[in-house]
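Open the viewer and keep the selection panel at hand. The tour starts with the whole chain and then moves to single residues.

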Amino acid sequence: MASSSALEFTVRRKLAVLVPPAAPTPRELKRLSDIDDQDGLRFQVPIIHFFRQHDGRDDDPAPVLRGAIAAVLVHYYPFAGRLRELEGRKLTVDCTGEGVLFVEADADVCLDQFDAALGPPFPCLDELLFDVPGSCGILDCPLLLFQVTRLACGGFVMAVRVQHTMADAAGMVQLLGAIAELARGAPAPTVQPVWGRELLQAPLLNDDVLLPPRFAHREYDDVMDMNDAIVPFEFMVHRSFFIGWREISAIRSHLPSALSREATNFEVITGCLWRCRTTALAPHADEEMRMICTVNIRGKKDTIIPVGYYGNAFASPVAISTAGDLLANPVSYAVELVMKAKREVDVEYILSVAALMAQRGRPHFAVAHTYLVSDVSKVGIRDLDFGWGNPVYAGPTKGGVVDIPGVGSFFIAVRNAMGEEGISVPVCMPGPTMDKFVNEMGKLMRPASAGTFSKM
(Lines give C-alpha, C1' and ligand atoms only; values in the text may rest on other atoms or scores of the structure.)
Protein backbone atom coordinates (compact mmCIF):
# COMPACT_ATOMS: atom_id res chain seq x y z
CA MET A 1 0.00 0.00 0.00
CA ALA A 2 1.42 3.39 -1.03
CA SER A 3 0.31 6.83 0.13
CA SER A 4 0.74 10.42 -1.07
CA SER A 5 -0.62 12.72 1.64
CA ALA A 6 -4.14 11.29 2.07
CA LEU A 7 -3.89 9.28 -1.15
CA GLU A 8 -3.57 5.52 -0.82
CA PHE A 9 -3.22 2.96 -3.58
CA THR A 10 -1.95 -0.52 -4.29
CA VAL A 11 0.87 -1.38 -6.71
CA ARG A 12 1.23 -4.86 -8.22
CA ARG A 13 4.70 -5.51 -9.57
CA LYS A 14 6.11 -8.20 -11.81
CA LEU A 15 9.53 -9.59 -11.01
CA ALA A 16 12.43 -7.36 -11.99
CA VAL A 17 14.29 -8.46 -15.12
CA LEU A 18 17.64 -7.57 -16.63
CA VAL A 19 17.45 -5.86 -20.03
CA PRO A 20 20.70 -6.37 -21.99
CA PRO A 21 21.71 -4.44 -25.13
CA ALA A 22 19.69 -5.45 -28.20
CA ALA A 23 22.90 -6.35 -30.08
CA PRO A 24 26.43 -7.48 -29.16
CA THR A 25 28.61 -4.77 -27.58
CA PRO A 26 32.36 -4.51 -26.84
CA ARG A 27 33.70 -6.22 -23.71
CA GLU A 28 36.25 -3.83 -22.25
CA LEU A 29 37.21 -1.79 -19.20
CA LYS A 30 36.47 1.94 -19.39
CA ARG A 31 37.90 4.18 -16.65
CA LEU A 32 35.73 6.92 -15.23
CA SER A 33 37.15 10.43 -15.01
CA ASP A 34 38.64 11.92 -11.85
CA ILE A 35 35.50 14.06 -11.59
CA ASP A 36 33.13 11.08 -11.94
CA ASP A 37 34.49 8.89 -9.19
CA GLN A 38 34.78 11.37 -6.32
CA ASP A 39 33.18 10.18 -3.10
CA GLY A 40 30.40 12.78 -3.23
CA LEU A 41 29.00 11.26 -6.44
CA ARG A 42 28.94 7.65 -5.30
CA PHE A 43 25.18 7.42 -4.95
CA GLN A 44 22.12 6.81 -7.12
CA VAL A 45 19.85 9.55 -8.44
CA PRO A 46 16.09 8.84 -8.63
CA ILE A 47 14.09 10.55 -11.40
CA ILE A 48 10.36 10.27 -12.10
CA HIS A 49 8.02 11.05 -15.03
CA PHE A 50 4.21 11.21 -14.90
CA PHE A 51 2.32 10.84 -18.19
CA ARG A 52 -1.37 11.29 -18.95
CA GLN A 53 -3.22 8.95 -21.29
CA HIS A 54 -2.40 10.06 -24.82
CA ASP A 55 -5.19 10.46 -27.38
CA GLY A 56 -4.83 7.89 -30.12
CA ARG A 57 -2.59 5.53 -28.12
CA ASP A 58 -3.94 2.59 -26.21
CA ASP A 59 -0.85 0.38 -26.39
CA ASP A 60 1.10 -0.74 -23.35
CA PRO A 61 4.06 1.59 -22.67
CA ALA A 62 6.10 -1.05 -20.81
CA PRO A 63 7.19 -3.21 -23.79
CA VAL A 64 7.73 -0.12 -25.96
CA LEU A 65 10.05 1.48 -23.41
CA ARG A 66 11.76 -1.79 -22.60
CA GLY A 67 12.56 -2.29 -26.30
CA ALA A 68 13.83 1.27 -26.63
CA ILE A 69 16.08 0.82 -23.59
CA ALA A 70 17.58 -2.35 -25.06
CA ALA A 71 18.21 -0.56 -28.36
CA VAL A 72 19.78 2.48 -26.70
CA LEU A 73 22.12 0.27 -24.66
CA VAL A 74 23.81 -0.73 -27.90
CA HIS A 75 24.97 2.89 -28.17
CA TYR A 76 25.39 3.51 -24.42
CA TYR A 77 26.79 0.06 -23.69
CA PRO A 78 28.85 1.06 -20.60
CA PHE A 79 25.51 1.46 -18.77
CA ALA A 80 24.92 -2.28 -19.28
CA GLY A 81 28.11 -3.08 -17.36
CA ARG A 82 29.18 -2.95 -13.72
CA LEU A 83 31.52 -0.70 -11.75
CA ARG A 84 34.78 -2.07 -10.34
CA GLU A 85 37.24 -0.32 -8.04
CA LEU A 86 40.95 -0.30 -8.84
CA GLU A 87 43.99 0.82 -6.86
CA GLY A 88 43.63 4.28 -5.32
CA ARG A 89 39.81 3.94 -5.30
CA LYS A 90 39.76 4.52 -9.06
CA LEU A 91 36.45 3.43 -10.61
CA THR A 92 36.18 1.69 -13.94
CA VAL A 93 33.26 0.24 -15.88
CA ASP A 94 33.53 -3.44 -16.75
CA CYS A 95 31.44 -3.50 -19.94
CA THR A 96 29.92 -6.93 -19.32
CA GLY A 97 26.69 -6.38 -21.23
CA GLU A 98 24.71 -7.83 -18.31
CA GLY A 99 22.06 -5.16 -18.69
CA VAL A 100 19.93 -2.81 -16.60
CA LEU A 101 17.02 -3.57 -14.29
CA PHE A 102 13.45 -3.18 -15.53
CA VAL A 103 10.32 -3.44 -13.40
CA GLU A 104 6.77 -3.52 -14.77
CA ALA A 105 3.82 -2.66 -12.49
CA ASP A 106 0.17 -1.62 -12.23
CA ALA A 107 -1.38 0.80 -9.73
CA ASP A 108 -5.08 1.22 -8.92
CA VAL A 109 -4.87 5.02 -8.91
CA CYS A 110 -5.47 7.78 -11.45
CA LEU A 111 -3.10 10.64 -12.19
CA ASP A 112 -5.70 13.23 -11.17
CA GLN A 113 -5.80 11.73 -7.69
CA PHE A 114 -2.27 13.00 -7.06
CA ASP A 115 -1.77 16.59 -5.98
CA ALA A 116 -2.73 19.17 -8.61
CA ALA A 117 0.84 20.44 -8.73
CA LEU A 118 2.96 17.31 -8.90
CA GLY A 119 6.37 17.65 -7.35
CA PRO A 120 8.63 16.33 -4.62
CA PRO A 121 8.50 15.05 -2.03
CA PHE A 122 6.78 11.89 -3.32
CA PRO A 123 5.83 9.75 -0.29
CA CYS A 124 4.78 6.97 -2.70
CA LEU A 125 8.24 6.73 -4.24
CA ASP A 126 9.09 3.33 -2.74
CA GLU A 127 6.20 1.80 -4.72
CA LEU A 128 6.73 3.74 -7.94
CA LEU A 129 10.49 3.07 -7.87
CA PHE A 130 11.00 -0.25 -6.15
CA ASP A 131 14.40 -0.82 -4.59
CA VAL A 132 15.17 -4.23 -6.07
CA PRO A 133 17.10 -6.20 -3.41
CA GLY A 134 20.84 -6.13 -4.00
CA SER A 135 20.67 -3.31 -6.56
CA CYS A 136 21.40 -0.18 -4.52
CA GLY A 137 25.17 -0.51 -4.16
CA ILE A 138 27.85 1.18 -6.20
CA LEU A 139 30.17 -1.70 -7.10
CA ASP A 140 29.01 -4.74 -9.08
CA CYS A 141 25.40 -3.51 -9.28
CA PRO A 142 23.21 -2.49 -12.24
CA LEU A 143 23.90 1.09 -13.27
CA LEU A 144 20.29 1.84 -14.22
CA LEU A 145 16.91 0.79 -12.86
CA PHE A 146 13.64 1.53 -14.67
CA GLN A 147 10.09 1.03 -13.41
CA VAL A 148 7.04 1.57 -15.63
CA THR A 149 3.80 1.68 -13.63
CA ARG A 150 0.51 1.71 -15.55
CA LEU A 151 -2.22 3.81 -13.91
CA ALA A 152 -5.95 3.06 -13.81
CA CYS A 153 -6.71 6.17 -15.91
CA GLY A 154 -4.57 5.02 -18.85
CA GLY A 155 -1.61 7.19 -17.92
CA PHE A 156 1.64 5.82 -16.52
CA VAL A 157 4.67 6.62 -14.42
CA MET A 158 8.25 5.98 -15.53
CA ALA A 159 10.76 6.13 -12.70
CA VAL A 160 14.50 5.80 -13.23
CA ARG A 161 17.46 5.37 -10.87
CA VAL A 162 20.89 6.28 -12.24
CA GLN A 163 24.38 5.84 -10.82
CA HIS A 164 25.61 9.44 -10.51
CA THR A 165 29.22 8.41 -11.15
CA MET A 166 28.19 7.60 -14.74
CA ALA A 167 26.44 10.84 -15.68
CA ASP A 168 25.47 14.30 -14.52
CA ALA A 169 22.01 15.82 -15.06
CA ALA A 170 22.79 16.80 -18.66
CA GLY A 171 24.16 13.33 -19.36
CA MET A 172 21.12 11.65 -17.81
CA VAL A 173 18.78 13.73 -19.96
CA GLN A 174 20.88 12.91 -23.03
CA LEU A 175 20.45 9.19 -22.29
CA LEU A 176 16.71 9.55 -21.63
CA GLY A 177 16.39 11.63 -24.79
CA ALA A 178 17.92 8.78 -26.79
CA ILE A 179 15.41 6.35 -25.26
CA ALA A 180 12.60 8.77 -26.13
CA GLU A 181 13.73 8.99 -29.75
CA LEU A 182 13.95 5.22 -30.20
CA ALA A 183 10.63 4.71 -28.41
CA ARG A 184 9.09 6.96 -31.09
CA GLY A 185 10.64 4.83 -33.84
CA ALA A 186 13.96 6.50 -34.64
CA PRO A 187 16.66 4.05 -35.85
CA ALA A 188 19.43 5.64 -33.75
CA PRO A 189 19.95 8.54 -31.34
CA THR A 190 20.37 11.95 -32.97
CA VAL A 191 23.21 12.80 -30.57
CA GLN A 192 25.82 10.06 -30.60
CA PRO A 193 27.31 9.36 -27.15
CA VAL A 194 30.92 10.31 -26.44
CA TRP A 195 32.83 8.56 -23.64
CA GLY A 196 35.94 10.78 -23.52
CA ARG A 197 36.48 10.50 -19.76
CA GLU A 198 40.21 11.11 -20.24
CA LEU A 199 39.32 14.78 -20.84
CA LEU A 200 38.72 15.20 -17.11
CA GLN A 201 41.59 13.12 -15.78
CA ALA A 202 44.09 14.70 -13.40
CA PRO A 203 46.69 16.53 -15.52
CA LEU A 204 50.25 15.19 -15.47
CA LEU A 205 53.44 17.24 -15.19
CA ASN A 206 55.22 14.33 -16.89
CA ASP A 207 54.53 10.62 -17.35
CA ASP A 208 54.20 9.82 -13.66
CA VAL A 209 53.98 13.11 -11.73
CA LEU A 210 50.61 14.79 -11.16
CA LEU A 211 50.24 18.54 -11.34
CA PRO A 212 49.09 19.94 -7.97
CA PRO A 213 45.67 21.61 -7.68
CA ARG A 214 45.76 25.28 -8.71
CA PHE A 215 42.87 26.40 -6.48
CA ALA A 216 42.23 26.12 -2.74
CA HIS A 217 39.03 24.03 -3.19
CA ARG A 218 37.68 24.67 0.27
CA GLU A 219 34.59 22.70 -0.75
CA TYR A 220 36.72 19.65 0.13
CA ASP A 221 37.93 20.89 3.53
CA ASP A 222 38.02 18.20 6.20
CA VAL A 223 35.35 19.65 8.50
CA MET A 224 34.36 17.93 11.73
CA ASP A 225 30.70 17.90 12.80
CA MET A 226 31.37 19.26 16.28
CA ASN A 227 27.79 20.37 17.06
CA ASP A 228 25.58 17.63 15.60
CA ALA A 229 25.10 19.63 12.38
CA ILE A 230 24.19 16.46 10.46
CA VAL A 231 20.65 15.45 11.50
CA PRO A 232 19.26 11.90 11.06
CA PHE A 233 16.63 11.42 8.33
CA GLU A 234 13.80 10.56 10.73
CA PHE A 235 13.98 14.05 12.26
CA MET A 236 13.70 15.81 8.90
CA VAL A 237 10.68 17.64 7.43
CA HIS A 238 10.29 17.91 3.64
CA ARG A 239 8.67 20.85 1.89
CA SER A 240 8.77 22.38 -1.61
CA PHE A 241 8.78 26.11 -2.33
CA PHE A 242 7.49 27.58 -5.60
CA ILE A 243 9.48 30.56 -6.87
CA GLY A 244 7.98 32.31 -9.89
CA TRP A 245 8.60 35.72 -11.43
CA ARG A 246 6.74 37.50 -8.61
CA GLU A 247 8.92 35.88 -5.94
CA ILE A 248 12.12 36.54 -7.90
CA SER A 249 11.18 40.19 -8.37
CA ALA A 250 10.40 40.50 -4.67
CA ILE A 251 13.77 39.04 -3.65
CA ARG A 252 15.56 41.36 -6.08
CA SER A 253 13.84 44.34 -4.47
CA HIS A 254 15.94 43.61 -1.35
CA LEU A 255 19.18 44.03 -3.33
CA PRO A 256 21.04 47.18 -4.38
CA SER A 257 20.01 48.10 -7.92
CA ALA A 258 23.43 47.37 -9.46
CA LEU A 259 23.59 43.92 -7.88
CA SER A 260 19.97 43.20 -8.82
CA ARG A 261 20.82 43.88 -12.47
CA GLU A 262 24.02 41.80 -12.45
CA ALA A 263 23.04 38.71 -10.45
CA THR A 264 21.39 35.78 -12.19
CA ASN A 265 18.17 34.21 -10.91
CA PHE A 266 20.21 31.25 -9.66
CA GLU A 267 22.54 33.50 -7.66
CA VAL A 268 19.65 35.50 -6.21
CA ILE A 269 17.63 32.44 -5.15
CA THR A 270 20.70 30.65 -3.78
CA GLY A 271 21.81 33.62 -1.70
CA CYS A 272 18.27 33.96 -0.34
CA LEU A 273 18.05 30.27 0.58
CA TRP A 274 21.47 30.28 2.24
CA ARG A 275 20.70 33.25 4.47
CA CYS A 276 17.20 32.03 5.39
CA ARG A 277 18.47 28.53 6.15
CA THR A 278 21.26 29.89 8.35
CA THR A 279 18.79 32.06 10.26
CA ALA A 280 16.50 29.07 10.81
CA LEU A 281 19.31 26.78 12.00
CA ALA A 282 20.60 29.44 14.44
CA PRO A 283 24.23 28.25 14.59
CA HIS A 284 26.89 29.84 16.80
CA ALA A 285 28.10 33.16 15.39
CA ASP A 286 31.63 31.84 14.79
CA GLU A 287 30.50 28.70 12.90
CA GLU A 288 31.59 28.61 9.27
CA MET A 289 28.58 28.16 6.98
CA ARG A 290 29.15 26.77 3.49
CA MET A 291 27.09 27.25 0.33
CA ILE A 292 28.04 24.88 -2.51
CA CYS A 293 26.58 25.32 -5.98
CA THR A 294 27.18 23.01 -8.92
CA VAL A 295 28.54 24.71 -12.04
CA ASN A 296 28.69 22.80 -15.33
CA ILE A 297 31.44 23.68 -17.80
CA ARG A 298 29.39 22.56 -20.81
CA GLY A 299 28.86 25.58 -23.03
CA LYS A 300 31.43 27.73 -21.23
CA LYS A 301 34.01 29.67 -23.16
CA ASP A 302 36.92 27.41 -24.22
CA THR A 303 35.14 24.32 -22.88
CA ILE A 304 36.78 20.97 -23.56
CA ILE A 305 33.51 19.04 -23.32
CA PRO A 306 32.27 17.81 -26.72
CA VAL A 307 28.67 17.38 -27.80
CA GLY A 308 27.56 13.89 -26.80
CA TYR A 309 29.67 13.68 -23.63
CA TYR A 310 27.48 12.28 -20.88
CA GLY A 311 29.87 12.08 -17.93
CA ASN A 312 30.01 14.46 -14.99
CA ALA A 313 31.28 17.83 -16.19
CA PHE A 314 30.64 20.09 -13.24
CA ALA A 315 32.52 21.54 -10.31
CA SER A 316 31.12 22.42 -6.88
CA PRO A 317 32.61 25.74 -5.74
CA VAL A 318 31.86 26.93 -2.22
CA ALA A 319 31.01 30.27 -0.68
CA ILE A 320 32.00 30.50 3.00
CA SER A 321 30.99 32.92 5.74
CA THR A 322 30.69 32.80 9.49
CA ALA A 323 27.09 32.60 10.61
CA GLY A 324 27.53 35.91 12.44
CA ASP A 325 28.61 37.77 9.29
CA LEU A 326 25.92 36.10 7.20
CA LEU A 327 23.15 37.17 9.56
CA ALA A 328 24.54 40.62 10.42
CA ASN A 329 24.59 41.62 6.76
CA PRO A 330 21.70 42.01 4.30
CA VAL A 331 20.88 39.24 1.81
CA SER A 332 23.02 41.05 -0.78
CA TYR A 333 26.11 39.88 1.15
CA ALA A 334 25.12 36.22 0.62
CA VAL A 335 24.29 36.80 -3.05
CA GLU A 336 27.69 38.43 -3.68
CA LEU A 337 29.54 35.53 -2.04
CA VAL A 338 27.62 33.04 -4.19
CA MET A 339 28.37 35.05 -7.34
CA LYS A 340 32.10 35.16 -6.56
CA ALA A 341 32.33 31.41 -5.93
CA LYS A 342 30.20 30.39 -8.90
CA ARG A 343 31.99 32.61 -11.40
CA GLU A 344 35.40 31.22 -10.47
CA VAL A 345 34.65 27.97 -12.31
CA ASP A 346 36.21 27.37 -15.71
CA VAL A 347 38.13 24.54 -17.40
CA GLU A 348 41.23 25.20 -15.27
CA TYR A 349 39.13 25.00 -12.13
CA ILE A 350 37.58 21.62 -12.93
CA LEU A 351 40.96 20.17 -13.95
CA SER A 352 42.30 21.40 -10.61
CA VAL A 353 39.46 19.47 -8.92
CA ALA A 354 40.53 16.37 -10.87
CA ALA A 355 44.10 16.83 -9.59
CA LEU A 356 42.87 17.13 -6.02
CA MET A 357 40.80 13.95 -6.37
CA ALA A 358 43.72 11.92 -7.65
CA GLN A 359 46.09 13.18 -4.96
CA ARG A 360 43.77 13.05 -1.93
CA GLY A 361 42.01 9.75 -2.50
CA ARG A 362 38.77 11.14 -4.02
CA PRO A 363 37.34 12.84 -0.92
CA HIS A 364 33.73 13.79 -0.22
CA PHE A 365 32.89 17.47 -0.12
CA ALA A 366 32.54 18.99 3.35
CA VAL A 367 29.08 18.23 4.79
CA ALA A 368 28.90 19.87 8.25
CA HIS A 369 27.21 23.31 8.05
CA THR A 370 26.97 22.90 4.26
CA TYR A 371 24.05 23.55 1.94
CA LEU A 372 24.33 22.47 -1.70
CA VAL A 373 22.08 23.43 -4.61
CA SER A 374 21.96 22.07 -8.14
CA ASP A 375 19.96 23.82 -10.85
CA VAL A 376 18.36 21.22 -13.15
CA SER A 377 15.60 23.56 -14.36
CA LYS A 378 17.16 24.04 -17.79
CA VAL A 379 18.34 20.52 -18.67
CA GLY A 380 15.24 19.86 -20.79
CA ILE A 381 13.82 16.77 -19.09
CA ARG A 382 10.27 18.14 -19.33
CA ASP A 383 10.61 18.37 -23.12
CA LEU A 384 11.24 14.65 -23.67
CA ASP A 385 8.47 12.86 -25.59
CA PHE A 386 8.57 9.07 -25.35
CA GLY A 387 5.54 8.79 -27.64
CA TRP A 388 2.87 9.79 -25.11
CA GLY A 389 3.39 13.55 -25.21
CA ASN A 390 5.22 15.68 -22.70
CA PRO A 391 5.10 14.59 -19.05
CA VAL A 392 2.95 16.30 -16.45
CA TYR A 393 6.01 16.24 -14.22
CA ALA A 394 9.56 15.12 -14.95
CA GLY A 395 12.51 15.56 -12.64
CA PRO A 396 14.04 14.54 -9.32
CA THR A 397 11.92 12.60 -6.87
CA LYS A 398 13.14 14.40 -3.74
CA GLY A 399 14.94 17.47 -2.54
CA GLY A 400 18.36 16.18 -1.60
CA VAL A 401 21.02 16.16 -4.29
CA VAL A 402 23.02 13.79 -2.13
CA ASP A 403 22.13 10.87 0.07
CA ILE A 404 22.67 12.91 3.25
CA PRO A 405 19.35 14.43 4.42
CA GLY A 406 19.14 18.20 4.63
CA VAL A 407 22.37 18.95 2.78
CA GLY A 408 21.04 19.86 -0.64
CA SER A 409 18.23 20.94 -2.93
CA PHE A 410 17.44 20.88 -6.63
CA PHE A 411 15.99 23.78 -8.60
CA ILE A 412 13.29 22.08 -10.70
CA ALA A 413 11.29 23.63 -13.54
CA VAL A 414 7.56 23.23 -12.77
CA ARG A 415 4.13 24.62 -13.48
CA ASN A 416 2.10 25.32 -10.35
CA ALA A 417 -1.60 24.62 -9.74
CA MET A 418 -2.49 28.01 -11.28
CA GLY A 419 -0.58 27.23 -14.47
CA GLU A 420 2.33 29.55 -13.71
CA GLU A 421 5.85 28.54 -14.75
CA GLY A 422 8.58 28.75 -12.14
CA ILE A 423 11.11 26.91 -10.01
CA SER A 424 10.30 24.36 -7.32
CA VAL A 425 12.89 24.10 -4.55
CA PRO A 426 12.42 21.02 -2.36
CA VAL A 427 13.94 21.60 1.07
CA CYS A 428 14.69 19.08 3.80
CA MET A 429 15.34 20.43 7.29
CA PRO A 430 15.06 19.42 10.94
CA GLY A 431 11.43 19.69 12.02
CA PRO A 432 11.74 22.51 14.60
CA THR A 433 13.58 24.78 12.15
CA MET A 434 11.28 24.44 9.13
CA ASP A 435 8.72 26.93 10.47
CA LYS A 436 11.50 29.47 11.04
CA PHE A 437 12.79 28.88 7.50
CA VAL A 438 9.30 29.38 6.01
CA ASN A 439 8.96 32.64 7.95
CA GLU A 440 12.34 33.93 6.75
CA MET A 441 11.60 33.01 3.13
CA GLY A 442 8.27 34.79 3.43
CA LYS A 443 10.02 38.01 4.45
CA LEU A 444 12.32 38.01 1.42
CA MET A 445 9.55 37.02 -0.99
CA ARG A 446 7.62 40.17 -0.07
CA PRO A 447 8.75 43.31 -1.93
CA ALA A 448 10.99 45.63 0.04
CA SER A 449 9.21 48.60 -1.52
CA ALA A 450 6.48 49.22 -4.07
CA GLY A 451 7.72 48.75 -7.60
CA THR A 452 7.05 47.20 -10.95
CA PHE A 453 7.71 43.46 -11.20
CA SER A 454 9.54 42.12 -14.23
CA LYS A 455 9.05 38.54 -15.34
CA MET A 456 11.81 35.89 -15.15
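What percentage of the 456 residues of the protein chain count as buried? The share is 54%, where buried means under 20% relative accessible area, exposed over 50% and partly exposed in between, with a 1.4 Å probe and protein chains only. This is a predicted model, in which local features need pLDDT of at least 70 and side-chain atom pairs count only at pLDDT 80 or more, while totals for chains, interfaces and linings use all residues. Residues are numbered from 1 along each chain as its sequence is written, and side-chain values use heavy atoms, with hydrogens and water left out.

**Whole chain**

Show the cartoon. The protein chain has 10 helices and 20 strands; these are DSSP runs, helices being H or I of at least four residues and strands E of at least two, numbered from the N terminus. Turn to the C-alpha trace. Its principal axes span about 60 × 60 × 40 Å.

Now display contacts, meaning heavy atoms within 4.5 Å. Of those between residues at least 6 apart in sequence, 80% join residues at least 24 apart.

**Aromatic rings**

Select Phe, Tyr and Trp. The whole structure holds 11 aromatic pairs. Rings pair if their centres lie within 6.5 Å, with the six-membered ring used for Trp; planes under 30 degrees apart count as stacked, over 60 as edge-to-face and the rest as tilted.

Zoom to Phe-50 and Phe-114. Their ring centres are 5.3 Å apart and the planes stand at 65°, so this pair is edge-to-face. Phe-50 sits in strand β6 (residues 44–51), and Phe-114 in the loop between β9 (100–107) and α2 (125–128), so the pair ties together parts 64 residues apart in sequence. Phe-50 is buried at 0% relative accessible area. Phe-114 is buried too, at 5%.

Next, select Phe-51, Phe-156, Phe-386 and Trp-388. Ring pairs link these residues into a cluster.

**Helix α6**

Which helix holds Val-268? Val-268 is in helix α6, residues 265–281. Its relative accessibility is 0%, so Val-268 counts as buried. Show its neighbours. Leaving out residues up to four places away in sequence, Val-268 touches Ile-251, Arg-252, Leu-255, Ala-263 and Val-335. Finish on Leu-255. From Val-268 to Leu-255 is 13 residues in sequence and 9.0 Å in space, C-alpha to C-alpha.
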